[in-house]
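Here is a short briefing to read with the model open beside you.

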Amino acid sequence: MSRILVIDDNKLVSTMLAEHLKLEGYDVDLAEDANQGYAAAIEFQPDLILLDVQLPDVLGFDLIRIIKHREDLRHIPIMMITGTAHSTAEKVKGFQLGADDYVLKPFEMPELMERVKALLRRGSGPPEPIAVSPPISLETAPDSPPAAASRSN
């Protein structure tokens with residue numbers, strides 16, 4: 001079960017998000033400000049963070065920077081959710097700092113749920129080491145067609 005951390009100081013928004021996410025089968029934790037959110041991210045180790053831009057203690061942009069500089073958190077995808085930071089410059093800033101998606105309030109819940117699923121498909125945790133197979137020679141590869149004979153006219 002994927003774990004999602006919602007960091008938003010608006011209780012109505014965070015409660016509504018939590019209810020819908022739980023109905024979709026996600027394990028959800030809530031935080032009301034950046035300090036609580038940062039502590040929850042460390043302890044809860046979510047698979048996705050939904051982060052409001054306007055928080056009472058620190059801007060969400062600053063929290064992204066903090067999260068992305070921490071080795072055990074930097075792989076977590078972050079979806080920015082905002083009702084105030086609508087300008088293109090603010091969206092670009094969010095992406096430059098490491099946000100993976102940017103959603104404006106008010107949002108449609110079905111679209112938001114699909115965006116959550118998409119981010120979770122892409123962000124499947126810290127990268128695992130890749131097992132490298134020995135190289136295969138094309139001449140000895142199974143089921144390889146014989147080399148084409150050269151033709152001269």
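The crossing of helices α1 and α5 is right-handed. Please keep in mind that this model is predicted.

**Where α1 meets α5**
- Helix α1 covers residues 11–23 and helix α5 covers residues 109–122; their axes come within 11 Å and cross at roughly 65°.
- On the α1 side the meeting residues are Met 16, Leu 17, His 20 and Leu 21, and on the α5 side they are Met 109, Leu 112, Met 113 and Val 116.
- Sorted by class, this contact has seven nonpolar residues, one polar residue and no charged ones.

**The nonpolar cores**
- The largest nonpolar core holds 23 residues, of which Leu 5, Ile 7, Ile 49, Leu 51 and Met 80 touch the most other members.
- Two or more residues of this core come from each of β1 (3–7), α2 (34–44), β3 (48–52), α3 (60–68) and β4 (78–82).
- Beyond residues up to four places away in sequence, Leu 51 touches Ile 7, Gly 60, Leu 63 and Ile 64, along with Ile 78, Met 79, Met 80 and Ile 81.
- Another core, of 20 residues, lies apart from the largest one and includes Ile 4, Val 6, Leu 50 and Phe 107.

**A look at Asp 101**
- Asp 101 belongs to strand β5, which spans residues 101–104.
- Is Asp 101 buried or exposed? Its relative accessibility is 10%, so Asp 101 counts as buried, the cut-off being under 20%.
- Leaving out neighbours within four places in sequence, Asp 101 is in contact with Ile 78, Met 79, Met 80, Phe 95, Arg 115 and Leu 119.

Conventions:
Residues numbered from 1 in each chain as written. Predicted model: local features only at pLDDT ≥ 70, side-chain atom pairs only at ≥ 80, totals over all residues. Heavy atoms only, no water. Helix = DSSP H or I, 4+ residues; strand = E, 2+ residues; numbered from the N terminus. Buried < 20%, exposed > 50% of the residue type's maximum accessible area, 1.4 Å probe, protein only. Contact = heavy atoms within 4.5 Å. Axes fitted to C-alpha atoms, helices over the stretch in contact; angles between N-to-C directions. Left-handed = near helix turned anticlockwise from the far one by under 90°. Nonpolar A, V, L, I, M, F, W, Y, C, P; charged D, E, K, R; others polar. Core = buried A, V, L, I, M, F, W, Y, C linked by side-chain atoms within 4.5 Å.
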